[in-house]
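Subject: A structure for you to look at

Hello,

I am passing on a structure that I have been looking through. Please open it beside this email and follow along.

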Amino acid sequence: MGTMFKRTTKRNGKSVRAKKYTIEYTDQTGKRRRKIGYTDKEASKQLLLRLEREVARNEEGLTDQVQGHRRTPLKADLEDYIKHLRQEGTTEEHQARCRSRLEKMFDSMTAHRVREITPQKATQFLLSLREVDGMSAKTHNHYLVTLRSFFKWGVQVGRWKSDPLTSLSTLNVDAHEKRERRPLTLDEFKRLVEAAKTRPLENFIERIPTAKEKKRNQLKKMGQERALLYVVAVGTALRRGELKKLTWSCLDLDTTKPSVTLEARFT
């Protein structure tokens with residue numbers, strides 16, 4: 001049986017009684033445990049009864065997994081979720097992106113446990129993305145989908161019983177689009193390539209007109225490489241992340257029709 005009492009300590013030669021009750025009980029391993037209760041006697045009594053009930057359930061193999069995870073720090077949940085993504089075969093970029101978004105959301109909502117994430121906090125964070133940070137509706141949706149995927153995983157593995165954000169929905173990107181998107185004209189693309197080629201050197205010379213020849217050549221080469229990258233991007237329709245995955249083995253230049261081949265897992 002558990003017990004409740006208020007501890008007494010000596011201060012300046014006087015006996016001082018604690019304001020809160022100390023609860024003492026025996027766990028399922030037979031070890032004696034102590035836990036600080038409340039100043040209210042009845043509330044402390046209910047806490048003792050709950051602890052003893054949990055011990056009894058553990059002894060009978062009725063452990064509530066969800067209840068146990070309620071105390072798990074979000075950082076630990078996040079690490080397990082990233083492990084899950086890794087096991088699913090997702091790319092390192094996707095894992096890093098999910099980690100960054102979730103950490104940003106958890107910090108903004110000052111949430112340290114799953115139970116501290118509410119629809120109100122999530123809505124406020126997503127609203128700040130658009131009103132304060134100026135992010136697009138598409139980015140808003142990416143953050144929401146990432147958070148919903150995290151909760152969906154938790155429900156599937158039995159960490160929590162339900163997704164608290166089911167009431168939140170993604171935005172209509174077309175209705176919230178700020179700029180009309182269109183492809184570059186051929187003339188605009190030519191000017192982009194030319195600017196990419198000359199801008200590094202021009203910007204540097206504006207600040208340091210006496211730049212040495214070696215430095216000028218380095219910046220000239222940088223501009224040529226940057227311009228070439230734009231040409232490759234337009235010629236292949238590869239995106240930035242895909243271009244970063246290109247290696248020499250992806251190129252076939254010794255044919256009448258040179259080509260670039262990127263593995264499907266990167267596209």
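Let's begin with the strands: β1 (residues 3–5) and β4 pair in the antiparallel sense over three bridges. Here two strands count as paired if DSSP finds at least two bridges between them, and strands (E, at least two residues) and helices (H or I, at least four) are DSSP runs numbered from the N terminus. Within this pair, threonine 3 stands opposite glutamate 24 of β4.

Before going further, please keep in mind that this is a predicted model, in which local features need pLDDT of at least 70 and side-chain atom pairs count only at pLDDT 80 or more, while totals for chains, interfaces and linings use all residues. Residues are numbered from 1 along each chain as its sequence is written, and side-chain values use heavy atoms, with hydrogens and water left out.

β4 also pairs with β5 (residues 32–36), again antiparallel, over five bridges; there, isoleucine 23 has lysine 35 as its bridge partner. The hairpin of β4 and β5 has five residues between the strands, and glycine 30 takes a positive phi near 90° in it. Together the strands form an open sheet in the order β1-β4-β5. β1 and β5 stand at the edges with a single partner strand each, so one side of each has no neighbour in the sheet. As for β4 (residues 22–26), four of its five residues are buried, meaning under 20% relative accessible area with a 1.4 Å probe, protein chains only.

Now for the helices. Which residues have the most contacts inside the largest nonpolar core? They are Leu102, Phe106, Met109, Leu147, Phe150 and Phe151, in a core of 26 residues. (A nonpolar core is a set of buried Ala, Val, Leu, Ile, Met, Phe, Trp, Tyr and Cys residues joined through side-chain atoms within 4.5 Å.) α3 (74–87), α4 (92–108), α5 (119–131) and α6 (137–156) each supply at least two of its residues, and the largest share, six residues, comes from α6. Apart from this core lies another of six residues, including Tyr25 and Leu47.

Enjoy exploring!

Best wishes

Notes:
Buried < 20%, exposed > 50% of the residue type's maximum accessible area, 1.4 Å probe, protein only.
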